Amino acid sequence: NMPTFFQNMAGKKRKGDHDVGTTTITTVANDNNKKRKQNDHHNNRKDNKKSNNNAETLELEGGEQFWSKSKKKRMRKLLALQKKEPPPPPQKKQQQQKADETKNQEKKNKNQHSNENNKKKQQKHENDKEDDSKQLLQTLSFSSLPTAASAASSKKEKKSSSKSSALRKAFMERLAGSRFRELNEELYTTHSSTAYHKFTEQPELFQQYHDGFKQQVLSWPTNPVDVMLRSIVAYQKQQQQKKKIIVADFGCGEAKLAEKLLSIREVSSSAKQKKKKKQHNKNDTDSSSYCPFEVHSFDLVSGGNPLITPCDMSNVPLETNTVDVAVFCLALMGTNIDDFIREAHRVLKKGNGGILKIAEVRSRFESTTTDSSADNSSGSGGLDEFLQVMKTLGFDCTRMNRSNKMFLMMDFVKNGDEPSKQARFTAKPCIYKRR
């Protein structure tokens, strides 16, 4: 009782079958069973999806069953977000927190260790700076002299000091130069009375200024003090009456002019006559020599020099009409130059007996744009204006020496007129370039 389909297929041979007969019938039956099972499985999956979708629609928004596909996708995403894994138990959280804390502590310890190392390095650097500054202050104080204990240092210290001495010396020179420029500018742009009060209150400024001034002098082609010395000696030799020449040095600095003038010795005429009659001992010849100069040096501070009298140059402690030669060698500093000239007029002798000698920087009276020999008559502080003011202050110019490229040498004598109290003059300040 076989179905007609299988009866018809009984005599035919299928691909893969070796023998036609019952084997082909069984393979066809097996294939049909597999297809039936696959269809049943597919239908079951579709039914499950529909049931799941129905359940989702019932869960979401009050059981809406007629949603579009896009809305269903969105709702599935929302459900997936809601059905995420639950948060870890508190024990795991605590373990993670402890692990994070240990990591943070390790980082802090590392940072603290590095900060401590940096602080140590900074402290060493600051200590080295403090040591250098202390040594510089000791050298600047000028009162600290090397003692026997410091001289007996070890060889290692000598080697290290020799290496740093060159750097320290260069630094000290630069420091002295910068300090000199500041003080120089202040002296040129302030009144002499204020400068006098400041230097009396801080006498160490005097040494600081002149230390920088010495370095400036080394770069000059000639020192005006030497030129002034030769001119005063020549003036003394021209005098017919052999007597002491009284010199007043206004703004003497370190009194170098006084030292050189007072070192000059001459032999008196009476001693020369005695030499012709008989020979004398060496002691006798030394006692017969004398110095033909009497020098009064004035500046803001004496600096421990017995030759210097500290005072304001507009009011020096000398009697009227007592000085043969008054000197201003790079000393017309301040805003009241006219007061200095009046004071020089007061102390100089009357008539041709007194002479005023001035040495100043050319740039203070002459223009730098024109020729070096041209006068800067236009504007305040020019050479023509200075000569005109000198006339009103009772002086006539008798000699003008412009042979030096940097300095002017001028000689003045009294013209018989009284100095004008209304005359005012301020030359251009000689300010050095800042480096």
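These notes cover the fold, the sheet and the surface of a predicted model.

1. Basis. The model is predicted, so local features need pLDDT of at least 70, side-chain atom pairs count only at pLDDT 80 or more, and totals for chains, interfaces and linings use all residues. Residues are numbered from 1 along each chain as its sequence is written, and side-chain values use heavy atoms, with hydrogens and water left out.

2. Content. The chain holds 14 helices and nine strands. Both are DSSP runs numbered from the N terminus: helices are H or I with at least four residues, strands E with at least two.

3. Sheet. Seven strands make an open, mixed sheet, ordered β5-β4-β1-β6-β7-β9-β8. Its edges are β5 (308-310) and β8 (395-401), each pairing on one side only. Twist from one strand to the next averages 25° (axes are lines fitted to C-alpha atoms; angles run from 0 to 180 degrees between N-to-C directions). Pairing requires at least two DSSP bridges between two strands.

4. Parallel pair. β1 (residues 245-250) runs parallel to β6 (residues 325-329), with four bridges. Asp 249 has Val 327 in β6 as its bridge partner.

5. Antiparallel pair. Six bridges link β8 to β9 (residues 407-414) in the antiparallel sense. Cys 397 sits opposite Phe 412 in β9.

6. Burial and surface. Of the 435 residues, 30% are buried (under 20% relative accessible area, 1.4 Å probe, protein chains only). Accessible surface is about 29,600 Å², 50% of it from carbon and sulfur atoms (Shrake-Rupley method, 1.4 Å probe).

7. Contacts. Among contacts with a separation of 6 or more, 71% join residues 24 or more positions apart (contact: heavy atoms within 4.5 Å).

Definitions and conventions. Buried < 20%, exposed > 50% of the residue type's maximum accessible area, 1.4 Å probe, protein only.
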